[in-house]
Amino acid sequence: MLNFRYHALSLVAVFLALAIGIVLGVTIGDSLVSDAERALRGNLRADVERAHADANKALGELAGRDRMLDQIYPSLANARLGGERVAVVSWGPLPNNVESGVRDAISKGGGRIDSISTFDKPLTALKDGLGRAIFAEETADDTSLDALGRNLAGSIAGGGQLVKALRAQFPDDFAGRFRRADAVVFYEAPKPDDGSDADGVKERDDDRAQTIESAMIDELTKHTIAVVGVEASNTEPSQIGRYKSLKLSSSDSVDKSGGRLALVYALAGAHGNFGLKQSAEKPLPDEALTP
């Protein structure tokens, strides 16, 4: 009887010890987890606060840079273009912030705009401007498309009849004198991808339009001081890669003073891809920084 009671009491003691151990373990574990969680939260909060501080510092530095460029841009651009006549060509809709930035740069640089040609829907505009029969003939194959692009360039740079016919048909999209262009500002609108080209018609039209565009740009570079690709700081996706493929100098932020200043110098003959984005080779041409 004594042995049985002894063993029973021993078992009760063991289970009681286990229960106490579990309770203590859970309590201590919870305390440790709570301490670790609090430490983690504190570290994360500190990281977020540091990130906010770094972002605010960077924004402040950018704002300071923009203020400085706002001050020096007019004097550095002044008379740099020396009366150049500039044609503005947009392959697709021309955003207001791009147009206003380009106008301001040309004005501050002492140039003047000869014409603005906006090919909102390039093939549609050409079809209506030329007439369906002539358009069909002049877009029959790649050779014809290439010739049409070169004729467009000659008309824009030299005041030919083709672009004047487009002006008569679309006065809101083709404006100006179309007399002569010493330099060209070129904007290409990002192409929307709406996934609505199941039969491939849009892709074929895009290829035809691109053939005309490439020939036009190539011909313009032969007859002008410079053809400069432009976009705004918020253009998405960026078209700088396209301008590089066309071997054009570019300014990637013409809605900012720095981008406008770069545009003025590029129109005057500076070569390179300038601006504030990662795709830029440098913010400004060396000529802008040379006394």
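Predicted model: local features only at pLDDT ≥ 70, side-chain atom pairs only at ≥ 80, totals over all residues.
Residues are numbered from 1 along each chain as its sequence is written, and side-chain values use heavy atoms, with hydrogens and water left out. Local features need pLDDT of at least 70 and side-chain atom pairs count only at pLDDT 80 or more, whereas totals for chains, interfaces and linings use all residues.

Helices (H or I, at least four residues) and strands (E, at least two) are DSSP runs, numbered from the N terminus. Strand β4 spans residues 183-188, and six of its six residues are buried, so the strand is largely enclosed by the rest of the structure. Here, buried denotes under 20% relative accessible area, exposed over 50%, and partly exposed the range in between (1.4 Å probe, protein chains only). In a regular strand, side chains alternate between the two faces of the sheet. In β4, A183, V185 and Y187 point one way, while V184, F186 and E188 point the other way. Two strands are taken to pair if DSSP finds at least two bridges between them. Strand β1 (residues 85-91) pairs with β4 in the parallel sense over six bridges, V88 having V185 as its bridge partner in β4. Strand β5 (residues 226-230) also pairs with β4 in the parallel sense, over five bridges, and V228 of β5 stands opposite V185.

The largest nonpolar core comprises 64 residues, and F186 and M216 have the most contacts inside it. Such a core is a set of buried Ala, Val, Leu, Ile, Met, Phe, Trp, Tyr and Cys residues joined through side-chain atoms within 4.5 Å. Beyond its neighbours within four places in sequence, F186 is in contact (heavy atoms within 4.5 Å) with residues including V89, W91, M216, V228, Y243 and L248. Helix α9 gives the most to this core, with seven residues. This helix, residues 257-267, is mostly covered, 11 of its 11 residues being buried. One of the buried residues of α9 is S257, whose C-alpha lies 5.5 Å from that of D70 despite a sequence separation of 187 residues. D70 belongs to helix α1 (residues 2-77) and is partly exposed, with a relative accessible area of 42%.

The largest pocket has a volume of about 460 Å³. On a 1 Å grid over the protein atoms alone, a pocket is an open set of points where a 1.4 Å probe fits, with protein on both sides within 12 Å along at least five of seven lines; lining residues have an atom within 4 Å of a point. Grid points are joined across faces, edges and corners, and the volume is the space filled by probe spheres set on the points. The lining consists of 20 residues, with D120, K121, P122, K202 and D206 nearest the centre of the pocket. Two or more lining residues come from each of α3 (122-130) and α7 (201-223), and α7 gives the most, with six.

Several local backbone features lie in loops. A cis peptide bond, with omega about -5°, joins E236 and P237; P237 is located in the loop between β5 and α8 (240-245). F178, although not a glycine, has a positive phi of about 55°. This residue lies in the loop between β3 (174-176) and β4 and is buried at 0% relative accessibility. K247, likewise not a glycine, has a positive phi of about 65°. K247 occupies the loop between α8 and β6 (249-251) and is exposed, with a relative accessible area of 76%.
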